[in-house]
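Dear colleague,

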Amino acid sequence: MRSIWNGAISFGLVSIPIKLVNATENHSISFRQFHIADGGRIRYRKVCELDEQEVSSAEIGKGYEEADGSIIPITDADLAALPLPTAKTIEIVAFVPATTIDPLQMDTAYYLSASGVPAAKPYVLLREALKRSEKVAVAKFALRGRERLGMLRVVGDVIAMHGLLWPDEIRAPEGVAPDTEVTVRDAELDMADALMDTLGSVDIDSLHDDYREAVEELIAAKAEGEPVPEREPAAGGGKVLDLMAALENSVRAAKEARGEGGEGREVAEVTHLKPQEKPAKKAAAKKPAEKTATASTTGTKATGKKGAAKKTSASKDDAKAGTGKRAAKKTDTAAAKKSASGKRASA
C-alpha cells in the first residue's frame, strides 16, 4: 500500500518513525457526464474570471477570501514555516478507555506502518502496551493543511489510527428527538428484545453491497446489448399501524429466514384500531342445548305449561271481575246516600 504521509509517533521521549496508509477504499461506481446529442465528454476547466482564459495547476495559487472579496495569498512555504509541532509528528497526549470516545467523532481510518528496522522495536512496544492496558491513545497530528485529532488502537498486529472530529464540530441534536409524549408498553419492549436477539448475531463478512451489484449487472447488460435484468422490488416499509403485530411478524420472519421454525403459522394481519373505536366484546358462549326428552315427557311438560297458563288467565279474570263488583257496590252505596240527603233537604 502506498503511504500518504511520513512522520513519527511521539510517545513521551520515544520517537517511532512511521508511514501513514489508507485503511479503507471506496468501491462506489463512478459515472461520467456526456453530451447526449453527440456523446462527447463534459469536462470542467479552470478558467480565470478576469481574462476568461483556462489556466494550468502550476498557475493556480491559494488564498483566504475576506468579507469584501479580496484575496490574501497563502503559500505552502507560509504554512510550512508555522511553529506547528504536529506537522510531521503524531503526538500522543493521553491514554483513555475506548468507551470515552464518541463514535460520532470518528472519521477516516489509517494504518500506521513502522518505517525501517529501527522503528520495529518501539512500534511493537507501543502496540503491546495498548493491548495490555485495553486503552486507546488520543493524539494530535497535521494532515492536508490542518491539525486534527486521532485515536490510535490495535487491529490485529497493526496500530490503526482513526481521525477524529474536534468536539466543536459535533452538532447538538436539537429538535431531532420526537417532541410528542410517547408511552412504550413492557410487552412492546419484550417483543423488541426478542427481535434484537433474533437479528443480533451476524457474520459481518457476509454482508455486501446489493445496489452496487445491481448497477454492475445493469452496465454489463447494456454493454452486451442484452435486456436489462429485472429484480424483484424491495419490500417498502409501510406505515406502522399495529406496532405489536409488526414486531411479532418481524420476529417470525427473522426466525424463518434463519431456519428456526415457524412453518405452518399464518402471518398475522396488521390492523389499526382508531382511538374512538374499542374492540367489540366477545359474545357470551351459549351453553349446549340439553338432550331432548322422550316424546311423552315432552308432551306432559307442554300440557302442564298450558294448564298453568289457563289457571293463571282464569285467576286474572276472576280478580278483574271481583274488582268490578266492588267498584259497582261502592257506586250504588254513594248514590243511595246522595238520594237520602236530597230527601231530607226537601222536607
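**A network of salt bridges**

Arg127, Glu128 and Lys131 are joined to one another in a network of salt bridges. Please keep in mind throughout that the model is a predicted one. Side chains of opposite charge can pair when their charged atoms come close. In the pair formed by Arg127 and Glu128, the side chains meet at 3.0 Å, counted from N to O, while for Lys131 and Glu128 the closest N and O atoms are 3.7 Å apart. Lys131 and Glu128 both belong to helix 2 and are three residues apart, which is about one turn of the helix. An α-helix has 3.6 residues a turn, so residues three or four places apart point the same way.

**Another salt bridge**

The structure holds nine salt bridges, and one of them pairs Arg146 with Glu169, whose closest N and O atoms are 3.3 Å apart. Arg146 lies in strand 8 (residues 146–155) and Glu169 in the loop between strand 9 (158–164) and helix 3 (186–199), so this pair ties together parts that are 23 residues apart in sequence. Arg146 is partly exposed, with a relative accessible area of 35%, and Glu169 is partly exposed at 34%.

**Helix 4 and its ends**

Helix 4 covers residues 210–224, and at 1.5 Å a residue its 15 residues should span 21 Å, which agrees with the 21 Å that separates its end C-alpha atoms. After the helix comes Gly225, which has a positive phi near 75°.

Most residues other than glycine have a negative phi, and most peptide bonds are trans. Glu52, although it is not a glycine, has a positive phi of about 55°; Glu52 sits in the loop between strand 2 (14–22) and strand 3 (62–65) and is exposed, at 65% relative accessible area. Glu134 is likewise not a glycine and has a positive phi of about 55°; Glu134 lies in the loop between helix 2 and strand 7 (135–143) and is exposed, at 68%.

**The surface and the whole chain**

Which residues form a nonpolar patch on the surface? They are Tyr64, Ile72, Ile74, Leu79, Leu82 and Leu84, which together have about 510 Å² of accessible area. Leu84 is placed in the loop between helix 1 (76–80) and strand 5 (89–97), and is partly exposed at 34%.

Taken as a whole, the protein chain has six helices and nine strands, and 16% of its 347 residues count as buried. The chain exposes about 28,300 Å², of which carbon and sulfur atoms supply 55%. Among contacts between residues at least 6 apart in sequence, 58% join residues at least 24 apart.

Note on methods: Residues numbered from 1 in each chain as written. Predicted model: local features only at pLDDT ≥ 70, side-chain atom pairs only at ≥ 80, totals over all residues. Heavy atoms only, no water. Patch = residues over 30% accessible without salt bridge, like charges linked within 9 Å, V, L, I, M, F, W, Y side chains within 5 Å. Areas by Shrake-Rupley, 256 points an atom, 1.4 Å probe, with all protein chains shown as cover. Salt bridge = Lys/Arg side-chain N within 4 Å of Asp/Glu carboxyl O. Helix = DSSP H or I, 4+ residues; strand = E, 2+ residues; numbered from the N terminus. Buried < 20%, exposed > 50% of the residue type's maximum accessible area, 1.4 Å probe, protein only. Contact = heavy atoms within 4.5 Å. Expected span 1.5 Å × (residues − 1).
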